[in-house]
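The sequence and the structure are shown first, and the text then follows them.

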Amino acid sequence: QVNQAYEAIAILNTDFTIRTWNKGAEALFGYTAGEAIGMNAKDQLLSKEDAGEAYKMVHGNLDQFYWAGQLNIKAKDQTEKIVHTSFTAIINEAGKLTGYVAVSYDITESTRLQKEVEYLASIVEQSGVAIFSTDMDRKILSWNRGAEKLHGYTAEEAIGYTVDELGLGRFTADDLQCSIDAILNKGSWETE
């Protein structure tokens, strides 16, 4: 079952030498089990900064039996990836640390998308154009600096109130239906 898991699962010695390597690890890192077993994960798979940090976090406190975080790796084909990895200590019956179970999965694309969303959000926030969003009940969900300048309300004062409660627009039921129809059909609605 471990071998068939989608996540990369490896068992490491206390010095991070790889003892076992599943199919998920082969897919993520690009090394076959035969290539990976005996390899030092700290020295050969992680960036120098991340290797030192992970090793220090795991070995810095003998009472620490678990560590999880984001690491930068370089796959066999030299592709750089961002992975979420956890290390769980393996303790024998005598209470001695004998190694770690490492579980990793690729978060490269989700991290890239998150950075893109944060970048776009910063553009919206810094825009001089008033930009705000509402839910279907016209309750304000977001409010940028341009909206603060134009309408005079801070984000804290506007978010959670409806457009009507702030006096930003007086629309008849027909106006609202036309705006909803336009948004659904064309993706946008404009008015003065």
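Arg138 and Asp164 form a salt bridge through their side chains, at 2.8 Å from N to O. This pair connects distant parts of the chain, 26 residues apart: Arg138 belongs to the loop between E6 and strand E7 (140–143), and Asp164 to the loop between helix H7 (155–158) and H8. Arg138 counts as buried, at 18% relative accessibility, whereas Asp164 is partly exposed, with a relative accessible area of 34%.

The model is a predicted one, in which local features need pLDDT of at least 70, side-chain atom pairs count only at pLDDT 80 or more, and totals for chains, interfaces and linings use all residues. Residues are numbered from 1 along each chain as its sequence is written, and side-chain values use heavy atoms, with hydrogens and water left out.

**Terms for contacts and exposure**

A salt bridge is a side-chain nitrogen of Lys or Arg within 4 Å of a carboxyl oxygen of Asp or Glu. Buried denotes under 20% relative accessible area, exposed over 50%, and partly exposed the range in between (1.4 Å probe, protein chains only). Helices (H or I, at least four residues) and strands (E, at least two) are DSSP runs, numbered from the N terminus.

**Salt bridges**

The whole structure contains 6 salt bridges.

| Pair | N to O distance | Relative accessibility |
|---|---|---|
| Arg138 and Asp164 | 2.8 Å | Arg138 18%; Asp164 34% |
| Arg145 and Glu125 | 3.4 Å | Arg145 42%; Glu125 27% |
| Lys74 and Glu80 | 3.9 Å | Lys74 36%; Glu80 59% |

In the salt bridge between Arg145 and Glu125, the closest N and O atoms are 3.4 Å apart. This pair also links distant parts of the chain, with Arg145 in helix H6 and Glu125 in helix H5 (residues 108–126), 20 residues apart. Arg145 is partly exposed, and Glu125 is partly exposed as well. In the pair of Lys74 and Glu80, Lys74 counts as partly exposed and Glu80 as exposed. A network of salt bridges links Glu109, Arg112 and Glu116.

**The largest pocket**

On a 1 Å grid over the protein atoms alone, a pocket is an open set of points with protein on both sides within 12 Å along at least five of seven lines, a cavity is a set of points where a 1.4 Å probe fits but cannot get out, and lining residues have an atom within 4 Å of a point. Grid points are joined across faces, edges and corners, and a volume is the space filled by probe spheres set on the points.

The largest pocket holds about 780 Å³ of space. Its lining comprises 25 residues, and Phe132, Thr134, Arg138, Ile183 and Trp189 lie nearest its centre. At least two lining residues each come from strand E6 (132–134), helix H6 (145–151) and helix H8 (173–186), and H8 gives the largest share, 5 residues. By class, the pocket lining has 14 nonpolar, 7 polar and 4 charged residues. Here Ala, Val, Leu, Ile, Met, Phe, Trp, Tyr, Cys and Pro count as nonpolar, Asp, Glu, Lys and Arg as charged, and the others, Gly among them, as polar.

**Cavities**

There are 2 cavities of 30 Å³ or more in the structure. The volume of the largest cavity is about 160 Å³. Its lining is made by 18 residues, with Phe29, Ala41, Leu45, Ala102 and Ser104 closest to its centre. Two or more lining residues come from each of E1, E2, E3, E4 and strand E5 (97–106). E1 supplies the largest share of this lining, 4 residues. The cavity lining divides into 16 nonpolar and 2 polar residues, with no charged ones.

Phe16 is not a glycine, yet has a positive phi of about 80°. Phe16 lies in the loop between strand E1 (8–12) and strand E2 (18–21) and is buried, at 1% relative accessibility. Gln78 likewise has a positive phi, near 70°, in a residue other than glycine, and is placed in the loop between strand E3 (66–74) and E4.
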